[in-house]
Amino acid sequence: MLGDNKKEMYNLTKIKLRKMVENVIKCLNRDVRANNIKIFIDIKDEIEISGDEKYIAIAVKNVIKNSIEAMDKNEKIILIGAEIRDNDIVIKIKDNGYGIFEEDLKKIFQPLFSTKIQSMGMGLKISKYILEQHNGNIEIISRKNEWTEVIMKLNKIPELCEES
């Protein structure tokens with residue numbers, strides 16, 4: 001993992017968010033199909049973020065993979081959306097899996113914390129680190145036995161002719 005002062009190592013580019021999310025889902029397609037999960041994407045084509053696409057994709061992939069692994073119902077659904085809010089792009093990934101206990105939410109970003117048997121407990125910690133290195137953040141809200149929603153915020157690309 002990159003050190004705290006390694007932001008200069010990132011290859012910052014304009015990222016078409018919808019296209020990146022679709023590519024991440026293609027990478028997870030085997031798991032999605034094996035678990036009979038329906039994924040719905042509500043991201044406008046024109047939404048762009050600035051960042052290192054490889055690393056942002058890893059952060060998003062970790063979150064979607066957790067959603068896939070949290071499914072235990074007959075109808076398994078993941079909703080992925082994004083909206084522009086002020087100077088941020090807010091990405092929301094919500095599943096109807098088994099949710100997270102409130103006491104576990106407090107520890108969810110700690111290294112090596114996991115409620116899964118075969119997990120190193122690093123995926124969300126890595127996602128949080130990547131987003132923070134891109135001046136973003138991540139939060140999780142959940143209702144046990146109903147749903148979990150992960151909210152990621154990243155800076156939007158400033159408009160060329162924005163008013164000062």
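Mentor: A crossing of two helices is left-handed if the near helix is turned anticlockwise from the far one by less than a right angle, and right-handed if clockwise. The structure is a predicted model, in which local features need pLDDT of at least 70, side-chain atom pairs count only at pLDDT 80 or more, and totals for chains, interfaces and linings use all residues. Residues are numbered from 1 along each chain as its sequence is written, and side-chain values use heavy atoms, with hydrogens and water left out.

Trainee: At what angle do helix H3 and H5 pack, and how far apart are their axes?

Mentor: Two packed helices are described by the angle between their axes and the distance between the axes. Axes are lines fitted to C-alpha atoms, for helices over the stretch in contact, and angles run from 0 to 180 degrees between N-to-C directions. Helices (H or I, at least four residues) and strands (E, at least two) are DSSP runs, numbered from the N terminus. Here H3 (residues 53-69) and H5 pack at about 145°, with axes 9 Å apart, and H3 passes H5 in a left-handed crossing.

Trainee: Is His 134 buried or exposed?

Mentor: Buried means under 20% relative accessible area, exposed over 50%, and partly exposed in between (1.4 Å probe, protein chains only). At 6%, His 134 is buried; His 134 lies in the loop between H5 (123-133) and strand S6 (137-143).

Trainee: Which value of phi does Asp 86 have?

Mentor: Most residues other than glycine have a negative phi. Asp 86 has a positive phi, near 60°, and is exposed, with a relative accessible area of 68%.
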